[in-house]
Amino acid sequence: MPSASGLVVAYGTSTITLQGVTALQAGDLTYGDVVALSSGNQFLDRSASARAQTVNGDTGNDTIIGGSGDDWIIGGKDNDVLAGGAGRDTFVFDSWDGHDTINGFVPGEDHILLRGIPAASVWINPAHSPTGVAGLEVTYGTNGDSIFLPGLTALRAGDIVFA
C-alpha cells in the first residue's frame with residue numbers, strides 16, 4: 001500500500017516501508033531463509049531447501065551448500081568451500097577472506113560479488129587444485145585472496161560484480 005514516504009509492505013503483523021518506492025513488479029520481493037554460522041570450521045548443507053538462502057559464514061574453514069533458490073552466500077574469513085546449488089546464486093567476498101573454492105559455479109547465471117575490491121586488482125587465470133583438478137583461479141585485492149572455480153575454463157561478462 002502506498003504511503004507519503006514510500007511503499008508499505010505488510011506480512012502478517014509486520015510491515016516494512018520502502019522509502020521512495022511507489023510500485024513493485026512480480027519477483028521484486030522474495031522470501032527466504034537467513035542462517036549465520038558461528039566461528040570455527042562449520043558444515044552447513046541447505047540443499048534440501050527450495051527457498052532462497054542467505055548464509056553468513058564466519059571465521060574458520062567452512063563448507064556451505066545452498067539450496068535450489070537464488071542463494072546469497074558469504075563464506076567469511078579463512079578457506080571455505082562453497083556451492084550454491086540450482087538457482088542464480090551470489091557468492092560474496094571481502095578482503096582477507098582467504099583461499100576459497102566455489103563448486104558448481106555456472107557462468108552467466110551465478111555471480112561473484114567483490115565488496116571493496118578494485119577491479120584493477122582482479123586476475124583470472126587457469127589453475128589446478130592441490131589434488132590436480134583443473135579450473136580457474138580468481139585472485140583479488142592485495143592480500144593474496146583467491147577463489148578457485150573447478151572445472152571452468154572461462155567466465156562471462158558480468159559474472160564478477162563489484163560493490
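The model is predicted: local features need pLDDT of at least 70 and side-chain atom pairs count only at pLDDT 80 or more, while totals for chains, interfaces and linings use all residues. Residues are numbered from 1 along each chain as its sequence is written, and side-chain values use heavy atoms, with hydrogens and water left out.

**Stop 1: the open sheet**

Select strands β4, β6, β8, β10, β14, β13 and β12. Strands here are DSSP runs of E with at least two residues, numbered from the N terminus. These 7 strands form an open sheet in the order β4-β6-β8-β10-β14-β13-β12, with mixed pairing. Two strands pair if DSSP finds at least two bridges between them. Which strands stand at the edges? They are β4 (43-45) and β12, each with a single partner strand, so one side of each is left without a neighbour in the sheet. On average, neighbouring strands of this sheet are turned by 20° against each other, direction ignored; the axes are lines fitted to C-alpha atoms, and angles between N-to-C directions run from 0 to 180 degrees.

Next, select residues 63-65 and 81-83. These are strands β6 and β8, which run parallel and are joined by 3 bridges. I65 stands opposite A83 in β8.

**Stop 2: the hairpin**

Select residues 123-128 and 134-140. Strand β12 and strand β13 run antiparallel here, joined by 6 bridges. N125 has E137 in β13 as its bridge partner. The two strands form a hairpin with 5 residues between them, and G132 in the turn has a positive phi of about 90°.

**Stop 3: strand β9**

Select residues 90-93. In a regular strand the side chains alternate between the two faces of the sheet. In β9, T90 and V92 point one way and F91 and F93 the other way, and all are buried, where buried means under 20% relative accessible area, calculated with a 1.4 Å probe on protein chains only.

The bridge partner of T90 in β11 is H111.

**Stop 4: the aromatic pairs**

How many aromatic pairs does a search of the whole structure find? It finds 2. Rings of Phe, Tyr and Trp (its six-membered ring) pair if their centres lie within 6.5 Å; planes under 30 degrees apart count as stacked, over 60 as edge-to-face and the rest as tilted. Select F91 and F105: their ring centres are 6.3 Å apart and their planes are at 45°, so the pair is tilted. F91 lies in strand β9 and F105 in the loop between β10 and β11, so the pair ties together parts that are 14 residues apart in sequence. F91 counts as buried at 1% relative accessibility, and F105 counts as buried at 5%.

Now select F93 and Y140, a tilted aromatic pair with 6.3 Å centre to centre and 55° between the planes. F93 lies in strand β9 and Y140 in strand β13, so this pair ties together parts that are 47 residues apart in sequence. Both residues, F93 and Y140, are buried.

**Stop 5: the pocket lining**

Finally, select H99, D100, T101, A127, H128, S129, P130, E137, S146, I147 and F148, which line the second largest pocket. A pocket is an open set of points on a 1 Å grid over the protein atoms alone, where a 1.4 Å probe fits, with protein on both sides within 12 Å along at least five of seven lines; lining residues have an atom within 4 Å of a point. Strands β10 (99-103), β12 and β14 (145-150) each supply at least two residues of this lining.

Conventions: Helix = DSSP H or I, 4+ residues; strand = E, 2+ residues; numbered from the N terminus. Buried < 20%, exposed > 50% of the residue type's maximum accessible area, 1.4 Å probe, protein only.
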